[in-house]
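Please keep the sequence and the structure in view while reading.

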Amino acid sequence: MTGSVYKSTGSWYTVKTDLGHTYECRIKGRFRIKGIKSTNPIAVGDVVDFEIETDNNQESGIIYNIHDRANYIVRKSVNLSKQTHIIAANLDQVFLMITINNPPTLTSFIDRFLVTAEAYSVKTILLFNKIDAYDEDALNEVRYLAHVYRKIGYECIGVSAKTGKNVDKVKALMHDKVSMFSGHSGVGKSTLVNAIEPDLNLKTKEISSLHMQGQHTTTFAEMFDLSFGAKIIDTPGIKGFGIVDMDKEEVGDYFPEFFALKQDCKFNNCLHVNEPKCAVKQALDEGEVEYSRYRSYLQILEGEDENYRTDNWDNP
């Protein structure tokens, strides 16, 4: 039998067939995907082949094959830095949820996420949530960031899960697609999903006032079928985002504004750091490339991954 993985709890996987039947499945023996040192060999969104076995009148599935992935979102495992953690696979798009405060989302986190999404061919839409709760200074920051990312080709939408602002716009983008919602704990992922599909009734929690820190309400990634022909993958809040297996020479290609200028650099293999006649550095000097983006690029290039496990409120 063949089905899609809807939930993973580490050792058991909920798999749903095209006919709508669900089975609790586990992996047969040692199951490793060639070339991927992952803490989770199978991720939500994967298409798998499995066979049914019966034990004490209880049916369960044994997964013996995983289909090739169209794409996936991956980051460094927080617990095992040598390994990776695949967040979800076979996505049509990701909504990266951003809040200016309560909790704050730093541009370095946004850029690391976008670089990984570009590298694995996943379309990303930026959702600036909680705009109903911002003062004028915070709204100006939203406008500025939206300008920065729109200029390089990313769709940006200001939303309020609480008031419903632009929820219909997000819903329209989700029709007949598999969408993942991601971001820090506390940015309002579950609240927004509940606003889009109230019958789901995903658990939500208030922000911890002590650290302005979101509390984890989603423990495992899980996919849901929605009433309007969409699928969403709700994910645990991500504290940081470690870049995986990327050569220095290719990092710039995943910054769309750098890639567009690359042909104008004097050297074909220009890293945009110390080389003469670099088009990216010239554009930076002229204000055409944003400093925050260039700073994120240098951090990734230099392997500054110490911060990817650090919460924003510890590293303002």
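In this predicted model, five of the five residues of strand S11 (178–182) are buried, so S11 is largely enclosed by the rest of the structure. Val 178, Met 180 and Ser 182 point one way from S11, whereas Ser 179 and Phe 181 point the other way, and all are buried.

**Strand S11 and its partners**
- S11 pairs with S8 in the parallel sense over four bridges, and in this pairing Phe 95 stands opposite Phe 181 of S11.
- S11 also pairs with S13, again in the parallel sense and over four bridges, with Val 178 standing opposite Lys 231 in S13.

**Nonpolar cores**
- The largest nonpolar core has 36 residues, of which Ile 73, Leu 91, Leu 126, Phe 128, Tyr 149, Met 180 and Ile 233 touch the most other members.
- At least two residues of this core are supplied by each of strand S7 (84–89), strand S8 (93–98), helix H1 (107–119), strand S9 (124–128), helix H2 (136–151) and S11, and H2 gives the most, with seven residues.

**Helix H4**
- Six of the eight residues of helix H4 (residues 189–196) are buried, so H4 is largely enclosed by the rest of the structure.
- The buried residues of H4 are Lys 189, Ser 190, Leu 192, Val 193, Asn 194 and Ile 196, and they pack against S8, S9, helix H3 (167–174), S11 and strand S13 (231–234).

**Helix H2**
- H2 has 16 residues and reaches 22 Å from its first C-alpha to its last, close to the 22 Å expected at 1.5 Å a residue.
- In H2 the buried residues are Ala 138, Leu 139, Val 142, Leu 145, Ala 146, Val 148 and Tyr 149, and what covers them includes H1, S9, strand S10 (156–158) and helix H8 (291–301).
- Asp 135 caps the N-terminal end of H2, with a side-chain oxygen 3.2 Å from the backbone nitrogen of Asp 137, while H2 is followed by Gly 153, whose phi is positive, near 105°.

**Backbone details in loops**
- A cis peptide bond, with omega of about -5°, joins Asn 102 and Pro 103, and Pro 103 is found in the loop between S8 and H1.
- Asp 176, although not a glycine, has a positive phi of about 60°; Asp 176 is found in the loop between H3 and S11 and is exposed, with a relative accessible area of 65%.
- Lys 277, likewise not a glycine, has a positive phi of about 50°; Lys 277 has its place in the loop between helix H6 (256–261) and helix H7 (279–285) and counts as exposed at 67% relative accessibility.

**The chain as a whole**
- The secondary structure of the chain comes to eight helices and 13 strands, and 50% of its 316 residues count as buried.
- Among contacts with a separation of 6 or more, 64% are accounted for by residues 24 or more positions apart.
- The chain exposes about 15,800 Å², of which carbon and sulfur atoms supply 45%.

Notes. Residues are numbered from 1 along each chain as its sequence is written. This is a predicted model: local features need pLDDT of at least 70, side-chain atom pairs count only at pLDDT 80 or more; totals for chains, interfaces and linings use all residues. Side-chain values use heavy atoms; hydrogens and water are left out. A nonpolar core is a set of buried Ala, Val, Leu, Ile, Met, Phe, Trp, Tyr and Cys residues joined through side-chain atoms within 4.5 Å. Buried means under 20% relative accessible area, exposed over 50%, partly exposed in between (1.4 Å probe, protein chains only). Contact means heavy atoms within 4.5 Å. Accessible areas come from the Shrake-Rupley method with a 1.4 Å probe; for residues, only the protein chains shown count as cover. The expected span of a helix is 1.5 Å times one less than its number of residues. A polar contact is a pair of N or O atoms within 3.5 Å; within protein, one must be able to donate a hydrogen and the other to accept it, and residues adjacent in sequence count only if both atoms are side-chain atoms. Two strands pair if DSSP finds at least two bridges between them.
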